[in-house]
Amino acid sequence: MMESEKNGEVGAVRKEKGKGVTWAVPVSEDSISTKSAVSSSFPRWKKGIAITDFVLRLGAIGAAMGSAVTMGTNEEQLPFFTQFLQFHAQWNQFPMFGFFVIANGVISGYAILSLPFSYACIVRPKAVAPRLLLVTFDTVMTGLITAAASAAAAIVYLGHNGSEEPNWMAFCSGFKNFCQAASQAVVTSFIASLFMISLVSLSPFALKPI
């Protein structure tokens, strides 16, 4: 009888060992609230950066497209001309202005195509692949639009001030409207460049792990 009871106790112990033992650690309410606050604040922070990225791209589209249209339609013909001599200035007469129009058109087209990827980052703030793709192309496009705006700005400067050493005369004294429109296009292009620089500057924060 004693042996059967012992065997029953051993069997019970073995069953208990098979089930395993779970140790519960007491968790305070402060730690639970702190963890929930941290986990909820980071996605909102990431989402705010993604929304800012989307808005900056809209600004870059407007600025780049506006500068391309302003320069691409820029021409002026002076009223005093004869049958054999005409004074006419047009943007495609300057190679740097042609590069300027093409570059700003490319930037505006790229910014439009990048909007779906930027929206995907809003929906999924933790996504890394679309963000890396945007960062790569944003850096290239920033260099392109900065170079185009700088080249056009040099031509506008020569048009307003000329250069004494090579005897380049300032033609903006005659073509005032043409030079004014070119200056406006250059300023707008630099604004688009600032939008692109801001996008690149946001990249380290957007790629920061949660």
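**Helices, cores and a crossing in a predicted model**

Of the 210 residues of the protein, 32% count as buried (buried means under 20% relative accessible area, exposed over 50% and partly exposed in between, with a 1.4 Å probe and protein chains only). The model is a predicted one, where local features need pLDDT of at least 70 and side-chain atom pairs count only at pLDDT 80 or more, while totals for chains, interfaces and linings use all residues. Residues are numbered from 1 along each chain as its sequence is written, and side-chain values use heavy atoms, leaving out hydrogens and water.

The secondary structure comes to 5 helices and 2 strands, and the pattern along the sequence reads α-α-β-β-α-α-α. Helices here are DSSP runs of H or I with at least four residues, strands are runs of E with at least two, and both are numbered from the N terminus.

An unreviewed UniProt entry lists residues 54-74, 94-120, 132-159 and 185-207 under "transmembrane region". Positions from UniProt are given in the numbering used here, feature names are shortened, and annotations may be inferred rather than shown by experiment. How does the model look over two of these stretches? Residues 54-74 are 90% helix and 0% strand, with end C-alpha atoms 30 Å apart. For residues 94-120 the figures are 96% helix and 0% strand, and the end C-alpha atoms are 40 Å apart.

Next comes the inside of the protein. A nonpolar core is a set of buried Ala, Val, Leu, Ile, Met, Phe, Trp, Tyr and Cys residues joined through side-chain atoms within 4.5 Å. The largest one has 20 residues, and M71, F97, F100 and F178 have the most contacts inside it. Helix 3 (95-123), helix 4 (129-161) and helix 5 (176-206) each supply at least two residues of this core, with helix 5 giving the most, 5 residues. Leaving out residues up to four places away in sequence, M71 touches W91, F97, F100, V101, A182 and A185. Apart from this core lies another, of 18 residues, including L56, I122, M141 and A192.

Two of the helices also pack against each other. The axes of helix 3 and helix 5 come within 12 Å and cross at roughly 40 degrees; axes are lines fitted to C-alpha atoms, for helices over the stretch in contact, and angles run from 0 to 180 degrees between N-to-C directions. On the helix 3 side, the contact is made by F97, F100, N104 and Y110, and on the helix 5 side by F178, A182, A185, V186, S189 and M196. These residues divide into 8 nonpolar, 2 polar and no charged (Ala, Val, Leu, Ile, Met, Phe, Trp, Tyr, Cys and Pro count as nonpolar, Asp, Glu, Lys and Arg as charged, and the others, Gly among them, as polar).

T70 lies in helix 2 (residues 29-72) and counts as partly exposed because its relative accessibility is 29%. Beyond its neighbours within four places in sequence, T70 is in contact with A181 and A185. N74 sits in the loop between helix 2 and strand 1 (75-77), and it counts as buried because its relative accessibility is 4%.

Terms used. Contact = heavy atoms within 4.5 Å.
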